[in-house]
Amino acid sequence: MDACDADPYLRRAAKFHGERTDRACPVCKSRKMVELRYTFGDQLGQYSGRLKSLEELREMQSEFGEFRVYEVEVCNDCGWNHLVASFLLGDGVNRRPPRKVRTIEDEKVG
Ligand SMILES: [Zn+2]
């Protein structure tokens, strides 16, 4: 897993789902820096690898035993990005992954 790939998907995600930061881009000095948070974990099942807001993370904290969060900082102007932090969240209670359900994302992939 490499959250630091400056792929079009990451830049698109930053544009539409990024949460504004008050930092300036170290490369182009732009103030359009945003943060993205990706979640990974066995207990997330098919939802592993999804983008989550801080609010969603707070809810997930009590819904899952353990999952890892990757916090990525992206510049919406030049595309510069890097991994800010990765940490574990969860309430420590082991749960089975959620049952697989079809989602809009699945439809797109086929
Ligand atoms: Zn920049």
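Strand E4 is largely enclosed by the rest of the structure, because eight of its nine residues are buried. Here buried means under 20% relative accessible area, exposed means over 50%, and partly exposed lies in between, with a 1.4 Å probe and protein chains only. Strands (E, at least two residues) and helices (H or I, at least four) are DSSP runs numbered from the N terminus.

The model is predicted, so local features need pLDDT of at least 70 and side-chain atom pairs count only at pLDDT 80 or more, whereas totals for chains, interfaces and linings use all residues. Residues are numbered from 1 along each chain as its sequence is written, and side-chain values use heavy atoms, with hydrogens and water left out.

**Neighbouring strands.** Two strands pair if DSSP finds at least two bridges between them. E2 and E4 run antiparallel and are joined by eight bridges; Thr-39 stands opposite Val-69 in E4. Strand E5 (residues 81–89) also pairs with E4 in the antiparallel sense, over eight bridges, and Ala-85 in E5 stands opposite Glu-71. E4 and E5 form a hairpin with five residues between them, and Gly-79 in the turn has a positive phi of about 90 degrees.

**Aromatic pairs.** A pair of aromatic rings is described by the distance of the centres and the angle of the planes. Rings of Phe, Tyr and Trp (its six-membered ring) pair if their centres lie within 6.5 Å; planes under 30 degrees apart count as stacked, over 60 degrees as edge-to-face, and the rest as tilted. A search of the whole structure finds two such pairs.

| Pair | Centre to centre | Angle between planes | Class |
|---|---|---|---|
| Phe-40 and Tyr-70 | 5.4 Å | 85 degrees | edge-to-face |
| Phe-64 and Phe-67 | 6.2 Å | 80 degrees | edge-to-face |

Phe-40 lies in strand E2 (residues 33–40) and Tyr-70 in strand E4 (residues 67–75), so their pair ties together parts that are 30 residues apart in sequence. Phe-40 is partly exposed at 24% relative accessible area, while Tyr-70 is buried at 17%. Phe-64 and Phe-67 are both buried.

**Arg-68.** Arg-68 is found in strand E4 and counts as partly exposed, at 28% relative accessibility. Leaving aside residues up to four places away in sequence, Arg-68 touches Tyr-38, Thr-39, Phe-40, Ser-86, Phe-87 and Leu-88, a contact being heavy atoms within 4.5 Å. The side chains of Arg-68 and Ser-86 make a polar contact of 2.9 Å. A polar contact is a pair of N or O atoms within 3.5 Å; within protein, one must be able to donate a hydrogen and the other to accept it, and residues adjacent in sequence count only if both atoms are side-chain atoms.
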